[in-house]
Amino acid sequence: MDKVYIFVVVFVIIYLLYFFTVVLNNKKKSKIFETSQAKLITVPNKLDTNKIDKNIFAQVISISNSFIVAFTFLISEFFNNYIVKLLVCFVVLIILILIVYKIIGFVYKKKEGR
């Protein structure tokens with residue numbers, strides 16, 4: 001049960017940091033589609049960024065990034081050796097980024113098709 005608390009705390013902290021630094025910052029939010037995260041979602045799925053609401057997209061990115069970081073941190077708790085922890089977290093991080101961003105792109109592609 002402690003692992004669930006760790007996940008929730010890390011998720012909330014990362015989400016709040018992202019929320020205050022990006023979502024509430026109109027200057028950064030206006031350039032949200034120029035970030036590497038957005039490009040990993042929009043380019044492979046050939047999404048039209050003009051049809052996507054910046055506010056909602058920034059929220060989706062913040063929630064997904066918070067999940068990715070919190071889950072990776074949770075996985076790191078299972079290992080004691082720092083080298084193994086680093087390697088496993090790196091692999092988990094890359095896999096989660098690819099999977100989560102692909103799912104987000106798929107959902108936006110379905111919405112765009114309507």
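Biologist: What should I know before I look at the model?

Modeller: The model is predicted, so local features need pLDDT of at least 70 and side-chain atom pairs count only at pLDDT 80 or more, while totals for chains, interfaces and linings use all residues. Residues are numbered from 1 along each chain as its sequence is written, and side-chain values use heavy atoms, with hydrogens and water left out.

Biologist: How many helices and strands does the chain have?

Modeller: The chain has five helices and zero strands. Helices (H or I, at least four residues) and strands (E, at least two) are DSSP runs, numbered from the N terminus. The order from the N terminus is α-α-α-α-α.

Biologist: What does the C-alpha trace span along its principal axes?

Modeller: The trace spans about 45 × 25 × 25 Å.

Biologist: And what share of the residues counts as buried?

Modeller: Of the 114 residues, 32% count as buried. Buried means under 20% relative accessible area, exposed means over 50%, and partly exposed lies in between (1.4 Å probe, protein chains only).

Biologist: Let us turn to packing. How do the axes of α4 and α5 cross?

Modeller: Two packed helices are described by the angle between their axes and the distance between the axes. The axes of α4 and α5 come within 9 Å and cross at roughly 155°. That makes α4 roughly antiparallel to α5. Axes here are lines fitted to C-alpha atoms, for helices over the stretch in contact, with angles from 0 to 180 degrees between N-to-C directions. Angles under 35 degrees count as roughly parallel, over 145 as roughly antiparallel, 65 to 115 as roughly perpendicular, and the rest as oblique.

Biologist: And what about α3 and α5?

Modeller: The axes of α3 and α5 come within 9 Å and cross at roughly 55°, and these two helices are therefore oblique to each other.

Biologist: Changing topic: how many aromatic pairs does a search of the whole structure find?

Modeller: The search finds seven aromatic pairs. One of them joins Y15 and F19, whose ring centres are 5.8 Å apart with planes at 25°, so the pair is stacked. Rings of Phe, Tyr and Trp (its six-membered ring) pair if their centres lie within 6.5 Å; planes under 30 degrees apart count as stacked, over 60 as edge-to-face and the rest as tilted. Y15 and F19 are four residues apart in helix α1 (residues 2–23), which separates them by about one helical turn.

Biologist: Which class does the pair of F33 and F57 belong to?

Modeller: The rings of F33 and F57 have centres 5.0 Å apart and planes at 35°, so this pair is tilted. It links distant parts of the chain, 24 residues apart: F33 is in the loop between α2 (26–30) and α3, and F57 is in helix α4. Both F33 and F57 are buried.

Biologist: Which residues do ring pairs link into a cluster?

Modeller: The cluster contains F7, F11, F67 and F71. F67 lies in helix α4 and counts as partly exposed at 32% relative accessibility.

Biologist: Now the charges. Which side chains meet in a salt bridge?

Modeller: K109 and E112 do, at 3.7 Å from N to O. A salt bridge is a side-chain nitrogen of Lys or Arg within 4 Å of a carboxyl oxygen of Asp or Glu, and by this rule the count comes to one. K109 and E112 are three residues apart in helix α5 (residues 82–113), separated by about one helical turn. K109 is partly exposed at 35%, and E112 is partly exposed at 23%.

Biologist: Which lysine lies over the face of F78?

Modeller: K3 does, at 5.1 Å from the ring centre. A charge sits over a ring if NZ of Lys or CZ of Arg is within 6 Å of the ring centre and within 35 degrees of the ring normal. K111 likewise lies over the face of Y108, at 5.7 Å from the ring centre.

Biologist: Finally, what is phi of K46?

Modeller: Phi of K46 is near 50°, a positive value in a residue other than glycine. Most residues other than glycine have a negative phi. K46 is in the loop between α3 (36–45) and α4 (54–76), and K46 is exposed, with a relative accessible area of 67%.
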